[in-house]
Amino acid sequence: MDKKQKAILIDLIHPKMLKRHALERMVELEELVNTYGGIVIVKAWQKRFAPHPKTYIGTGKVTLIGEEAKQLGAKLLIVNAQLKPRQVYDLGEMLRPYGVQVWDRVDLILKIFAKHAKTTEAKLEIELASVRHMGPRIFGMGMELSRQGGGIGTVGIGETNIERMKRHLREKERKLKEKLEGYQNGRDLARRHRSRQGFKTVSIVGYTNAGKTTLLNALTGRKEYAANELFATLDTRVGQLYLPTKASTALLTDTIGFIKDLPPELLNAFSSTLSETIDADLLIHVVDGSDPNWHKHMKVVEEILERLGVASTPRLVVFNKQDQASSEIQSHIARALEDQPPLWISAAKNKNLDSLIEQIGNSL
Ligand SMILES: Nc1nc2c(ncn2[C@@H]2O[C@H](COP(=O)(O)OP(=O)(O)OP(=O)(O)O)[C@@H](O)[C@H]2O)c(=O)[nH]1
Ligand SMILES: [Mg+2]
């Protein structure tokens, strides 16, 4: 029996942050928790100019949360930030008496990834990301353990354990990377084969839940898993797209979605999966046009594309979910883009896909 895990969420906000922004941040965190399969029972904010160096949130607040958690039977505190290893440790120690575990945003994303990974490659990538995420924490704990073990004249017992642990992790990381390189080589071969056959490649990118997989399915007749959850897709799928204007076929790939504050170590671990995107001739950037945060999400995606080194790949921006987008938001988007009219589609309703296909043909 897998009862839903009860979670308390906490976000640190700058005293000058607009209330609307604070709420939006929380909504996204809550969506992540729902995707994970947890249930949010308390949403808390703390106003601070800067994080507490040791516990991230103020220690008084930590105690309050601990007591509240105990009362409500929550075993999990999720902090909406990427914490320093030391902060996870100190916060965890403070909350241990209340039986509460601490996750940061990356922990949560990793848990979702682990749940959604279907292919061996995606599973390996997640394992690599976890090793990289956990490593520094263990090293941080090491300071603590070696202090405990180290009396006068003794080598800290903690220290030797930590050394062993470090070696173990390094070894694990090496093996994972080696295995992933195997997949990478396979992909390189397949890609070279395709380009010899004259196929152009088009990669669908975008914020998570924008409708990338739905679009891939609609354009290629595939039946990949698409769902109203974050990170439904974690690997790369390829389908064929016939371009009537060019009387040729292009290969269309769909991959993992992006999200704000995606830590670099996560992105790096997914390099094998993302290599198709990195080498594409054209990127289709799918934006959920029904989401009031469309502009922020677009910027996040652009930033990540830059980090991937593909900022100069030709790009086609499409606004999806027109069927759900209010006329206000549609005219707002039109105004914001002023120079070129937005290309609206509805992947789920098969709307306006012909003009998209035509534009893909023209762009290639
Ligand atoms: N109303 C409406 N819903 C859509 C449209 N396109 C996709 N959706 C829905 O949006 C949700 C997310 O779609 P996906 O295709 O899984 O999105 P994704 O970008 O692949 O998401 P991840 O793989 O999780 O990053 C699903 O519930 C889809 O049914 C659309 O044109 N209109
Ligand atoms: Mg998807």
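Modeller: Six strands form an open sheet with mixed pairing, in the order β6-β7-β5-β8-β9-β10. The model is predicted: local features need pLDDT of at least 70, side-chain atom pairs count only at pLDDT 80 or more, and totals for chains, interfaces and linings use all residues. Residues are numbered from 1 along each chain as its sequence is written, while chains are lettered from A and ligands numbered from 1 in the order in which they are written.

Colleague: What makes β6 and β10 edge strands?

Modeller: β6 (237–243) and β10 (343–344) each pair on one side only. Two strands pair if DSSP finds at least two bridges between them. The strands themselves are DSSP runs of E, at least two residues long; helices are runs of H or I, at least four, and both are numbered from the N terminus.

Colleague: What joins β5 to β8?

Modeller: Five bridges again, with β5 and β8 (residues 282–288) running parallel. Ile204 stands opposite Ile284 in β8. Further along, β8 and β9 (residues 315–320) pair over six bridges, also parallel. There, Leu283 stands opposite Arg315 in β9.

Colleague: Which residues of β5 cover each face?

Modeller: Lys200, Val202, Ile204 and Gly206 are on one side, and Thr201, Ser203 and Val205 on the other; all are buried. In a regular strand the side chains alternate between the two faces of the sheet.

Colleague: What is the strand order in the four-stranded open sheet?

Modeller: β2-β1-β3-β4, with parallel pairing. Its edge strands are β2 (39–47) and β4 (101–104), each pairing on one side only. The twist averages 25 degrees from one strand to the next. Strand β3 (residues 76–79) and β4 share four parallel bridges, and Ile78 stands opposite Trp103 in β4.

Colleague: Which helices lie across these strands?

Modeller: Helix α1 (residues 19–36) lies across β1 (6–13), β2 and β3, at about 150 degrees to β1. Helix α3 (residues 85–95) lies across β3 and β4, at about 150 degrees to β4. The axes are lines fitted to C-alpha atoms, for helices over the stretch in contact, and angles run from 0 to 180 degrees between N-to-C directions. Contact means C-beta atoms, placed from the backbone, within 7 Å.

Colleague: Why is Arg164 called exposed?

Modeller: Arg164 has 10 C-beta neighbours inside 10 Å, so it counts as exposed. Arg164 is found in helix α6 (residues 157–196).

Colleague: Why is Tyr56 called buried?

Modeller: Tyr56 has 24 C-beta neighbours inside 10 Å, so it counts as buried. Its place is in the loop between β2 and α2 (59–72).

Colleague: What makes the phi of Tyr56 worth a note?

Modeller: Phi of Tyr56 is near 65 degrees, a positive value in a residue other than glycine. Most residues other than glycine have a negative phi. Asn209 is another case, with phi near 75 degrees. Asn209 is found in the loop between β5 and α7. With 22 other C-beta atoms within 10 Å, Asn209 is buried.

Colleague: How many residues surround ligand 1?

Modeller: 24, and the closest are Gly211, Ala226, Asn228, Thr233 and Gly257. A residue is near a molecule or strand if its C-beta atom, placed from the backbone, lies within 6 Å of it. Helix α7 (residues 212–220) gives the most to this shell, with three residues.

Colleague: How do the residues of that shell divide?

Modeller: Eight are nonpolar, 12 polar and four charged. Ala, Val, Leu, Ile, Met, Phe, Trp, Tyr, Cys and Pro count as nonpolar, Asp, Glu, Lys and Arg as charged, and the others, Gly among them, as polar.

Technical notes:
Two residues are in contact if their C-beta atoms, placed from the backbone, lie within 7 Å. A residue is buried if 20 or more other C-beta atoms lie within 10 Å of its own, exposed if 12 or fewer, and partly exposed in between; C-beta atoms are placed from the backbone.
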